[in-house]
Structures are given as C-alpha cells and as structure tokens.
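Have the model open as you read.

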Amino acid sequence: MKPVRLTALVIAIGAAFPAAAQSNEELLKELRALRDRVGELEKKLAAQPAAAPQPGQWGMTPEQAQELARIGTKAEALQDDLEMQGFKGLKISGQIDPTWIYNRRADNASFVLLNGEDGRYTYDNSYFGMAVLDFLKETEGGTIWHLTLAPERGTGALTNGGSIVHEASVSIPLGDLQNRLWVGQIPDWTGYEMTLPDGNKLVTHNLLFDFMAPTSYTGAVYELTSGKWVAKVGLANFNTPRQGRGQKSPSLIYRVDYSKGEFSGFGFTGLHGKTVNYAADGTDAEGERTQVHLLEADAYYTRGDLSLFGQISYGQQKKAAIYQEDGPRDARWWGLSTTAAYKITPRLEGVVRADYIHNRKNGGGLLGYSFDDGANGIGRALSGYDEDGNPIVVGDPSKGANRYALTVGGNYLYDENTIFKLEYRYDGASLAVFEDVKDGSYRKNNHLLGASVVVKF
C-alpha cells in the first residue's frame, strides 16, 4: 500500500506548483478526483491474490528446503541400493496353522504341526499343521520367480524324500506377458480347493483332493492368457522330481480356466502318463509304472455372502486295482464334491461340504492307493489280517467300497491376518473299511473333529 500512497503524494505536490494560476475551487476538484483514483487502485490491489513464492521455496525457510532436498537424495539412494541388492519387486509372505485333530477310529486326539515322523498322507494328516515361507519376485521384464518352503508338510515332503521345497518355479514371458514359459516344481492345480491352508474354508480337504489328484509336477508348461481364458499345457514328471532308470516318458498335463465375470467361472484339467503301480510293486518307487488317465472339471460362484463350489473327477490306472487274484486288473474311479459357504456376519462364515467317490470296480483302488487301507477307508471289507499279514476279506473280494464324507463347520476372521477354523466331519463307506484301532475291528464310518488357527503375513 505504501508505494501507492507515495505516488499520490508526488502527483499532488506536482499539481500544487501551478496553483497560483488556478482558483482554489479548481484545485479542490482535482484533489478529490485524485483521491477517488487512489481509492480505486487500492481496492484493485487488495483484490489481487498474494504473490506466489519464488521457484524452489514454496513457502519454506532455506533450512527446510535443504532438509527436503537431503531427504529426496537419501530416498533415491535407498531405492538404487534395494535394486542393486535384488530386493526390488520382491514380496515375502508366510503362514502357519497349528491344528488340533480328533479321530474316533484311530483313537487319537492331538495337536498337529510339522509332524514329519508320521508323515504318511491320510485325510486326517493332509496339508494342514504347516509352516510356510513364500518368496515371490517379479523383474521389470515380467519374469516371475517363485519359491515356497514348507518343511515336513509340503509337496516336496511327499514326492522328494522329505524336501522342504513346496514350489520352485519361474514364469518367463515369451514376447509379451500373455505368453509364458513356466518351468520348475509346480504344485498340482486340480480342483476348486487350494493346497495351502489360508486358501481353504475348512481344516481338512475333500475326498477328491486327497485321493484322486496328483501332488506336484516337475517340468515345463506353456501358459496363454487371452481375455477371460487362461490355458496351460506342458510335459512334466508326475509326482517325482526325476524319473528312474529306463523311464523316459513324461506326462502330458493341462488346465484351462474361464472367468465368466466377476462372480463365476469354471475350469478343467487332465493328465495322461505313467506312475508307480503299487499293486504290482508295493511301495517301491523304482518299480513298475503303468498308464494313468485323469480328467476333472470344477466351477465356482461367489456373490455377496454366498459362495458355491463344485467338482467332478474321473481316473483310471492300468493293472492297479486292489483285486488281482486271477490276473492284473485296471483300477477305475470317479467322484463328486461340492461346497457351500455363507457369511452369517462379515467375519463369521458357515460352511457345508459333501463328497462322494465311486470305487467298487475290481476291489477298488485310487491314485497311489492300490491296497486295502483301513486308515482312509479304501478297499474291501476286512475282518483283520492273518499271521502272514494278508488281509482277511469279508464278502466278495472283487468289490471295493464306495466312499462319502459330509463336513460342516465354519471360519472366523479374527483380524486381517488371523482366521479361526472349526469342523465336524463324518466319513462313511458302503463296506466296513475303517479300522478301529482299539479292538482291530472294521466299521462303515468314522468321526473327526478339527480346529485350527491360520496366521499369515
């Protein structure tokens, strides 16, 4: 405001010099006009916005500007350092799920976690009680490197002599991100249930997951993404990291998925190759291998509080049936599974699952189970074993038991990283195939309770 008033004063003084030639009245008029003009200029100046700070200042003191520049330099240096050390694009996550299982026929109630000593795979000793550490890195070129470690309970523990590696794979873009080469050890992708605990609504898995699906593949897969379709096809070792002597034929594996929209989709898988025939060679993994064909289709619908999942599977293995008395016979089986879940509250979800396996042909026999198995309820009706360890069959030895299971339970999202699960499971069969360890008898059913807490980061 001061420069404006000083200018007005100079003009007024300049106007006063010719005052002798002017009358007092004329001089007064000129001064009033000058006053009005100065008032207008002051109003215009007051209406203008404040002047912007000089570039680089932005209202900060010189010390603050220097501090901001120092922070920016440190951030750039830290980013460069992370990139040089390979941490750029790296994601580390993990989960652990201490579990408690009660099995009536096994006469057992126990906490379950990393139990490698009794690591035989059964439906009450599946992919739970795990501790998992996951490393995922994506480079600027789009290559995805994936390593998942799961001691005692991962796929490596079952197929690779107790290895802690659950997955070790790399996905390389071929020209663009929609065409990829996926190589390494890859967990099976069959069905609607996930392998790791945080992806499942219940503690145990369905019957088709446990007894009709592969464990893992080691090989090379071509993956194509086109709109709502994702297709994978490849050649791989089936349930083994390396083929034995004289074995030169990998298995053909594939999966196709279609996402119809935000809420639904479907997929199907297939496998055609050779695997160990336990009917011919017991548990010798270097023994005879026979042809296997597996086909499966699954679908899902999730909208609002309701989630629905379904699956149908078929499988067969040459000369792998349990009943072999009058010559080698083929094992054939098929099964159904469905799960329905509803969120009672935003955190509490109720779940019901029903499973069925048709397994009567030639005394039964499933993928990797070419023998009577009283723990899992697979095979023929027995009354025990003779002195030589041979099963004592009740009824027709060429008829296997059909299996079913009904599971009810739920899960509760305690916080963003913690899920509590609880379930009751009833397993049944058309024949007495469940061994009661208390007296050695065989029954047509079994009861299981399961509870777990899944904590992830």
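Which residues do ring pairs link into a cluster? They are Tyr121, Tyr127 and Phe209. This is a predicted model, in which local features need pLDDT of at least 70, side-chain atom pairs count only at pLDDT 80 or more, and totals for chains, interfaces and linings use all residues. Residues are numbered from 1 along each chain as its sequence is written, and side-chain values use heavy atoms, leaving out hydrogens and water.

**Aromatic pairs**
- Searching the whole structure gives 13 aromatic pairs (Phe, Tyr or six-membered Trp rings with centres within 6.5 Å; planes under 30 degrees apart are stacked, over 60 edge-to-face, the rest tilted).
- Tyr127 and Phe209 are edge-to-face, because their ring centres are 6.1 Å apart and their planes meet at 85°.
- Tyr127 sits in the loop between β3 (108–112) and β4 (131–138), and Phe209, 82 residues away, is in helix α5 (residues 207–211) (helices are DSSP runs of H or I, at least four residues; strands are E runs of at least two, all numbered from the N terminus).
- Tyr127 and Phe209 are both buried (under 20% relative accessible area; exposed is over 50%, partly exposed in between, with a 1.4 Å probe and protein chains only).
- Tyr404 and Tyr426 make a tilted pair, 6.5 Å centre to centre with 40° between planes.
- Tyr404 belongs to strand β18 (residues 403–415) and Tyr426 to strand β19 (residues 418–429).
- Tyr404 is partly exposed at 34%, as is Tyr426 at 24%.

**Charges over rings**
- Lys232 lies over the face of Trp189, 5.8 Å from the ring centre (NZ of Lys or CZ of Arg within 6 Å of the centre and within 35 degrees of the ring normal).
- Arg303 lies over the face of Phe263, at 4.3 Å from the ring centre.
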